[in-house]
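Student: I would like to work through a model feature by feature. Please give the general idea each time, then the case at hand.

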Amino acid sequence: MGTKQTKGCQPGSAGESPPAHHRKKVPPRERGDFLASLVVKSGEKFGKGGGSSLPPYHRRICMIQDMLVLVKQGKQEEATELLRHLRQDLGMESTSLDDVLYRYASFRNLVDPITHDLIISLARYIHCPKPEGDSLGAMEKLCRQLTYHLSPHSQWRRQGIMKRKPQSCLKAVLMGKPQDNTVDLSGIPLTLKDLDRVTSYLQHSSEHIDTVELCFTELTDDMLLQLLPALCVLPHLTTLSLNGNRLTKAILRDLTETLKDPKKFPSVTWIDLGNNVDIFSLPQPFLVSLKRRCPKQGNLPTILEFGEGQVSDLESQDG
């Protein structure tokens, strides 16, 4: 029901910190100015106009790459501070590294548990690097995994993020019966005009669709609202992927209200909202509504912290 876990994401246990002479001390004021400029540059790397004109994942990928450079340069304190900015940008509430490493190590991010696990692993390698073995190589692997997870997979190359899928791909997808019952538009930037074509296709192919992939398509709240009437009536839709877009937490109100109606999204088991602007947690009515649609599949991973008794209470109150 949640995001599929990738292999090789778990690091070894934390080791001892390296000798102090490997760390370059920087005065607090200079370090703050340096990090502020670094975060700004991270938002500008993939195009002019700064991060505001680009989806959030661009900025996050740049921060990961800059953090790895800082570690290679022996600037552990600066790398730790940049990791803090990345955690905040991804919605990991705690700003204390000790909290992330120890107190909340078992906590699952409500929207994106894979990112949470990888961030925990990165924090351990930066904060408590192992003196033996290839610690830098292990961290490089983690950065690659996190970059890949936060990137459009179909466009990922070692050199970085490649050009988006051509618009001709949209025409190819919206022709004929959905392959493997999946409408995969991921990586294709959609416009308002495109949404009419997508809506028409969903309506005409509704009996043959069980998965809709809209990852990294530049979706905004208004665009999703335009698609929502066609999506919520698909009788066999089980998975709706909306990660990597420009969606905000404001859209959660509309999705939650839609899920309260059992006739809408009748078969859905999961809606992936990770790696968007500021959607860091999901409302309990949203989760309870999903649980009602798939009771035989057990608890949703995001409800585990409440326990079965409390979930039942929430369902009773909601009913």
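This is a predicted model: local features need pLDDT of at least 70, side-chain atom pairs count only at pLDDT 80 or more; totals for chains, interfaces and linings use all residues.

Student: Is aspartate 180 buried or exposed?

Tutor: Relative accessibility decides, with exposed meaning over 50%. Aspartate 180 has 65% relative accessibility, so it counts as exposed. The loop between helix H7 (168-173) and E3 holds aspartate 180. Its phi is positive too, about 55°, although aspartate 180 is not a glycine.

Student: What does the protein chain contain overall in helices and strands?

Tutor: The chain has twelve helices and six strands. Of its 319 residues, 45% are buried. The accessible surface is about 15900 Å², and carbon and sulfur atoms account for 52% of that.

Student: How do I read the separation of contacts along the sequence?

Tutor: Take the contacts with a separation of 6 or more and ask what part joins residues 24 or more positions apart; in this protein chain that part is 72%.

Student: Which residues touch the most other members of the largest nonpolar core?

Tutor: A core is read as a set of buried nonpolar residues joined through side-chain atoms. The largest one here has 41 residues, and Val212, Leu214, Leu231 and Leu273 touch the most other members. Two or more residues each come from helix H8 (192-204), helix H9 (221-231), helix H10 (251-259), strand E6 (270-272) and helix H11 (284-293). H9 gives the largest share, six residues.

Student: What does valine 212 touch?

Tutor: Leaving out residues up to four places away in sequence, valine 212 touches Val183, Leu202, Leu231, Leu234, Leu237, Thr239, Leu240 and Ser241. There is also a second, separate core of 28 residues, with Ala79, Leu83, Leu86 and Ile114 among them.

Student: How should I check a helix such as H3?

Tutor: Compare the expected span with the distance between the ends. Helix H3 (residues 76-89) has 14 residues, so at 1.5 Å a residue it should span 20 Å, and its end C-alpha atoms are 20 Å apart, which agrees. Next, look at which residues are buried. An α-helix has 3.6 residues a turn, so residues three or four places apart point the same way. In H3 the buried residues are Gln76, Glu78, Ala79, Leu82, Leu83, Leu86, Arg87 and Asp89. After H3 comes glycine 91, with a positive phi near 90°.

Student: How many aromatic pairs does the structure hold?

Tutor: One. Tyrosine 57 and phenylalanine 216 form it, edge-to-face, at 4.9 Å centre to centre with 90° between the planes. Because tyrosine 57 lies in helix H2 (residues 56-72) and phenylalanine 216 in the loop between strand E4 (211-213) and H9, the pair ties together parts that are 159 residues apart in sequence. Tyrosine 57 is buried at 1% relative accessibility, and phenylalanine 216 is buried at 5%.

Student: How far is isoleucine 188 from phenylalanine 216?

Tutor: C-alpha to C-alpha, the two are 7.1 Å apart in space and 28 residues apart in sequence. Isoleucine 188 sits in the loop between strand E3 (182-184) and H8, and it is buried, with a relative accessible area of 1%.

How values were computed:
Residues are numbered from 1 along each chain as its sequence is written. Side-chain values use heavy atoms; hydrogens and water are left out. A nonpolar core is a set of buried Ala, Val, Leu, Ile, Met, Phe, Trp, Tyr and Cys residues joined through side-chain atoms within 4.5 Å. Buried means under 20% relative accessible area, exposed over 50%, partly exposed in between (1.4 Å probe, protein chains only). Helices (H or I, at least four residues) and strands (E, at least two) are DSSP runs, numbered from the N terminus. Contact means heavy atoms within 4.5 Å. Rings of Phe, Tyr and Trp (its six-membered ring) pair if their centres lie within 6.5 Å; planes under 30 degrees apart count as stacked, over 60 as edge-to-face and the rest as tilted. The expected span of a helix is 1.5 Å times one less than its number of residues. Accessible areas come from the Shrake-Rupley method with a 1.4 Å probe; for residues, only the protein chains shown count as cover.
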